[in-house]
Amino acid sequence: MRNVLVTGFGAFLDVDDNPSGRVARAVDGAEIEGLRIVGVTLPVRYQEGPRQAVALALELDARVVIGLGVDRSTRTVDVETRAWNRTQGLDVAGEQPFELEPGGPDTVGANIDAAAFAEALGGRVDDDAGRYVCNAWLYQVARALTPERRVVFVHVPSEGLDPDVLLRAIGSVFGDPRS
């Protein structure tokens, strides 16, 4: 079986029970289409969350790494295709990096078929992961792990995402149909 890492985030600001962390925990241990899902919750920190995701992906030899985060301004599931080398606002530890990678590229993209994944999730494709920790996750994880691994970030609304929908989407887009 091949490993897929799904990360969500923990509490931040007035979000005590982050729906992205709930979904990641809910899919942990699932198996679908020849894939074993490992779901974890990361801290809402510009550097630490992405660093933990990269370390886990390498330790697990995860071929697919999916980040989840909440976007309280939307009611849709958004598959993000681009992250920026800039952030704004303080993370939960009070850290505010301005440039994530000094001298790095202005943008970094997901390297999956975003349209197929969005369709499988019942969501849409979006080309801007924002400028907060979700953006930092996509930028740093994609820079560290691509092109060897598939990396994508998905924003979920405050209501969350049905874990079964996520599992079916992972299986249909990344799984082995012969499994």
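**Entry 1: helix against helix**

I began by settling what an axis is: a line fitted to C-alpha atoms, for helices over the stretch in contact, with angles running from 0 to 180 degrees between N-to-C directions. I also noted that this is a predicted model, in which local features need pLDDT of at least 70 and side-chain atom pairs count only at pLDDT 80 or more, while totals for chains, interfaces and linings use all residues. Residues are numbered from 1 along each chain as its sequence is written, and side-chain values use heavy atoms, with hydrogens and water left out.

Helices (H or I, at least four residues) and strands (E, at least two) are taken as DSSP runs numbered from the N terminus. With that in hand I looked up helix H3 (residues 114-121) and helix H5 (residues 163-174), whose axes are 8 Å apart and which pack at an angle of about 145°.

For contact I used heavy atoms within 4.5 Å. On the H3 side the contact is made by Ala116, Phe117, Ala120 and Leu121, and on the H5 side by Val165, Leu166, Ala169, Ile170, Ser172, Val173 and Phe174. Sorted by class, this contact has ten nonpolar residues, one polar residue and no charged ones. Here Ala, Val, Leu, Ile, Met, Phe, Trp, Tyr, Cys and Pro count as nonpolar, Asp, Glu, Lys and Arg as charged, and the others, Gly among them, as polar.

**Entry 2: the cores**

I next looked for nonpolar cores, meaning sets of buried Ala, Val, Leu, Ile, Met, Phe, Trp, Tyr and Cys residues joined through side-chain atoms within 4.5 Å. Buried stands for under 20% relative accessible area, exposed for over 50%, and partly exposed for what lies in between (1.4 Å probe, protein chains only).

The largest nonpolar core has 30 residues, and those with the most contacts inside it are Phe9, Val65, Trp137, Leu138, Val141 and Val151. At least two residues of this core come from each of strand S1 (2-9), strand S3 (35-42), helix H2 (48-60), strand S4 (64-70), helix H4 (133-145) and strand S9 (150-156). H4 gives the largest share, nine residues. A second, separate core of 28 residues includes Ile66, Phe117, Ala118 and Leu121.

I then turned to Leu138, which sits in helix H4 and counts as buried at 0% relative accessibility. Not counting residues up to four places away in sequence, I found Leu138 touching Glu80, Arg82, Ala83, Ala129, Val151, Val152 and Phe153. I also checked Leu138 against Phe117, 21 residues apart along the chain, and their C-alpha atoms are separated by 16 Å.

Thr7 has its place in strand S1 and is buried, with a relative accessible area of 1%. Leaving aside neighbours within four places in sequence, Thr7 is in contact with Ala24, Val40, Leu42, Ala53, Ile66, Gly67, Leu68 and Trp137.

**Entry 3: loops**

In the loop between H4 and S9 I looked up Pro147, which is joined to Thr146 by a cis peptide bond with omega of about 10°. Arg149 lies in the loop between H4 and S9 as well and is buried, with a relative accessible area of 10%. The side chains of Arg149 and Asp61 are joined by a polar contact of 3.1 Å. Such a contact is a pair of N or O atoms within 3.5 Å; within protein, one must be able to donate a hydrogen and the other to accept it, and residues adjacent in sequence count only if both atoms are side-chain atoms.

Asp61 itself is in the loop between H2 and S4, counts as partly exposed at 41% relative accessibility, and has a positive phi near 55° although it is a residue other than glycine. I noted a positive phi of about 50° for Glu33 too, again not a glycine; Glu33 lies in the loop between strand S2 (31-32) and S3 and is partly exposed, with a relative accessible area of 32%.

Leaving aside neighbours within four places in sequence, Ile112 is in contact with Phe117, Arg150, Val151, Val152 and Phe174.
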